[in-house]
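Dear colleague,

Here is the structure I said I would pass on. My notes on it follow below.

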Amino acid sequence: MRMVAHGLAIDTPAGWDARIYQRRQSDAGETSHPIAHAANFALPSVRGDFGSGAVDLMRSHHVLVVLVEFDQPSVGTALFARHGVPRPRAEDFHPAQLQRTLPGQSGAQWFFNTGNRAFCLYVVLGSHHRRARLLPQVHAFLDRLTIG
């Protein structure tokens with residue numbers, strides 16, 4: 001399945017579910033930015049920006065990939081200095097790097113810029129112990145991601 005929205009394009013691997021969306025502007029003047037969620041399991045219809053709601057459904061063989069865009073001025077900051085979509089390694093993942101610690105799960109996040117846009121890539125693996133076996137699925141997804 002190919003999905004294109006907000007300057008992001010995803011060709012999901014077989015068996016994956018994905019969404020690209022942007023929340024509506026709030027009345028308080030808060031800006032919103034594109035967010036992409038992709039997983040090798042069915043995503044719930046209600047999810048937080050960094051995957052809350054989805055992580056609760058994960059089993060040991062599941063992978064969740066979250067891409068969140070930040071304001072354009074962030075591109076020039078030290079936090080987003082890395083250029084290009086990161087290539088995660090098994091040693092990058094740790095249970096303590098999750099937004100919310102859930103038994104067995106492991107996570108990692110990277111801040112980067114590409115095409116004059118700033119992003120956070122957040123990946124949750126259903127099993128810390130199986131991270132080396134799950135990582136090729138993350139790479140297969142990232143290989144199909146295009147940021148315009």
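Thr114 sits in strand β6, where strands (E, at least two residues) and helices (H or I, at least four) are DSSP runs numbered from the N terminus. The residue is buried, at 16% relative accessible area; buried means under 20%, exposed over 50%, and partly exposed in between, with a 1.4 Å probe and protein chains only. Neighbours within four places in sequence aside, Thr114 is in contact with His83, Gly84, Phe119 and Ile147, contact meaning heavy atoms within 4.5 Å.

Before the rest, two notes on the source. This is a predicted model, in which local features need pLDDT of at least 70 and side-chain atom pairs count only at pLDDT 80 or more, while totals for chains, interfaces and linings use all residues. Residues are numbered from 1 along each chain as its sequence is written, and side-chain values use heavy atoms, with hydrogens and water left out.

Overall fold

Along the principal axes, the C-alpha atoms fill a box of roughly 40 × 30 × 30 Å. Of the 148 residues, 51% count as buried. Among contacts between residues at least 6 apart in sequence, 57% join residues at least 24 apart.

Strands

β1, β2 and β8 form an open sheet in the order β1-β2-β8, with antiparallel pairing; two strands pair if DSSP finds at least two bridges between them. β1 (2-5) and β8 (145-147) are the edge strands, each pairing on one side only. Between β1 and β2 (residues 8-11) there are four bridges, and Arg2 has Asp11 in β2 as its bridge partner. Thr12 counts as buried at 10% relative accessibility, and its contacts, leaving aside neighbours within four places in sequence, are Met1, Ala18 and Arg144.

β5 pairs with two other strands described here. Five bridges join it to β4 (residues 34-39), antiparallel, with Ile35 partnered by Val68 in β5. Eight bridges join β5 to β7 (residues 117-125), also antiparallel, and Val63 stands opposite Leu125 in β7. Seven of the eight residues of β5 are buried.

Aromatic pairs

How many aromatic pairs does a search of the whole structure find? There are seven. Rings of Phe, Tyr and Trp (its six-membered ring) pair if their centres lie within 6.5 Å; planes under 30 degrees apart count as stacked, over 60 as edge-to-face and the rest as tilted. Phe93 and Trp110 are edge-to-face, at 5.8 Å centre to centre with 70 degrees between the planes. Phe93 lies in the loop between β5 (63-70) and β6 (106-114), and Trp110 in β6, so this pair ties together parts 17 residues apart in sequence. Both are buried: Phe93 at 3% relative accessibility and Trp110 at 8%. The rings of Phe112 and Phe119 have centres 5.6 Å apart and planes at 20 degrees, so that pair is stacked. Phe112 is buried at 0%, and Phe119 is buried at 0% as well. Phe70, Phe80 and Phe111 form one aromatic cluster.

Nonpolar cores

A nonpolar core here is a set of buried Ala, Val, Leu, Ile, Met, Phe, Trp, Tyr and Cys residues joined through side-chain atoms within 4.5 Å. The largest has 27 residues, and Val65, Leu67, Leu121, Val123 and Val138 have the most contacts inside it. Two or more residues each come from β2, β3, β4, β5, β6, β7, α1 (131-143) and β8. α1 gives the largest share of this core, five residues. Apart from this core lies another, of 15 residues, including Ile35, Met58, Val68 and Leu98.

Not counting residues up to four places away in sequence, Val123 touches Leu64, Val65, Phe93, Ser106, Gly107, Ala108, Trp110 and Val138.

Regards
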